Amino acid sequence: MIIRKFKPTDLKRVYEIENMSFNQSYGINMFQQLYEMGVGFLVAEDEGYVIGYVIFWIKYENQGHIISIAVDKNYRRLKAGTHLLIKAISILSMLKIDAIYLEVNENNTAAVEFYKTFNFKIDRVVPGYYEDGDGAIIMYLPVERGKISTQ
Ligand SMILES: CC(C)(COP(=O)(O)OP(=O)(O)OC[C@H]1O[C@@H](n2cnc3c(N)ncnc32)[C@H](O)[C@@H]1OP(=O)(O)O)[C@@H](O)C(=O)NCCC(=O)NCCS
């Protein structure tokens, strides 16, 4: 498995993975726009086949943000998500940021468990955050001058 930069030819496949992973979709145009905006956009590739992606950026001057991460259902629990997030965190933590934030559906226990393995902490819960009325758990990972906090 390799982690590499997203290419426009990956668009359909990334959209497919997003569709099988979330109830609400960003839509294919949004991925194209995010790419054109120059956000961090990486894919995991297994023998030439894209099996996952991560999108991230700097939301505020001192805050990294994971916009989206997903792995194809048939390739989960094989550490693709871990490799993608490690790379995203290592890129973000080279910048002058205090923390990396993300939102996760309050019912998405798999993702919460996944983020906890990286030491992400729960900041707060925002009721009714998603269109379907589900709340979001806001999680963050403190970053200290290029180092990731382990406490
Ligand atoms: C969350 C997601 C990206 C994880 O990707 P993955 O490649 O399957 O994760 P990994 O194999 O790297 O898992 C690393 C660790 O995270 C935890 N974890 C991952 N999936 C889990 C699950 N379903 N239940 C409990 N813990 C889980 C485990 O500790 C796992 O280590 P282990 O397999 O040795 O026990 C994947 O489940 C996914 O695409 N989900 C749908 C989209 C999504 O919810 N994205 C996050 C939105 S905020």
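**Close-up views of the predicted model**

**View 1. Strand S6 (residues 121–126) runs antiparallel to S7, joined to it by five bridges.** The structure is a predicted model, in which local features need pLDDT of at least 70 and side-chain atom pairs count only at pLDDT 80 or more, while totals for chains, interfaces and linings use all residues. Residues are numbered from 1 along each chain as its sequence is written. Strands (E, at least two residues) and helices (H or I, at least four) are DSSP runs, numbered from the N terminus; two strands pair if DSSP finds at least two bridges between them. Arg124 stands opposite Ile138 in S7.

**View 2. Strand S7 (residues 136–144) also pairs with S5, again in the antiparallel sense.** Seven bridges connect S5 and S7. Asn105 has Ala136, in S7, as its bridge partner. In a regular strand, side chains alternate between the two faces of the sheet.

**View 3. The ligand is surrounded by 19 residues.** The closest are Arg76, Gly81, Thr82, Ala110 and Glu113. Strand S4 (63–71), helix H3 (80–92), strand S5 (99–105) and helix H4 (109–116) supply at least two shell residues each. H4 gives the most, with four residues. The shell holds 10 nonpolar, five polar and four charged residues; here Ala, Val, Leu, Ile, Met, Phe, Trp, Tyr, Cys and Pro count as nonpolar, Asp, Glu, Lys and Arg as charged, and the others, Gly among them, as polar.

**View 4. The end C-alpha atoms of helix H3 are 18 Å apart.** This agrees with the 18 Å that its 13 residues should span at 1.5 Å a residue, the expected span being 1.5 Å times one less than the number of residues. The buried residues of H3 are Ala80, Gly81, Leu84, Leu85, Ala88, Ile89 and Leu92. They cover an arc of only 155 degrees around the axis, so they lie on the same side of H3; the arc is that of the directions from the helix axis to the C-beta atoms. A residue is buried if 20 or more other C-beta atoms, placed from the backbone, lie within 10 Å of its own, exposed if 12 or fewer, and partly exposed in between. Ser90, found in helix H3, is exposed, with 11 other C-beta atoms within 10 Å. Ser90 and Ile3 are 87 residues apart along the chain, and their C-alpha atoms are separated by 13 Å.

**View 5. Asp98 lies in the loop between H3 and S5.** Asp98 has 15 other C-beta atoms within 10 Å and is therefore partly exposed. Not counting residues up to four places away in sequence, Asp98 touches Asn62, Gln63, Pro142 and Val143, where contact requires C-beta atoms, placed from the backbone, within 7 Å. From Asp98 to Val143 the C-alpha to C-alpha distance is 5.0 Å, although the two are 45 residues apart in sequence.

**View 6. Glu47 has a positive phi, as does Lys79.** Most residues other than glycine have a negative phi. Glu47, with phi of about 50 degrees, is in the loop between strand S2 (40–46) and strand S3 (49–60). Glu47 counts as exposed because it has 7 C-beta neighbours inside 10 Å. Lys79, with phi of about 80 degrees, is in the loop between S4 and H3. Lys79 is partly exposed, with 13 other C-beta atoms within 10 Å.

Key
A residue is near a molecule or strand if its C-beta atom, placed from the backbone, lies within 6 Å of it. Two residues are in contact if their C-beta atoms, placed from the backbone, lie within 7 Å.
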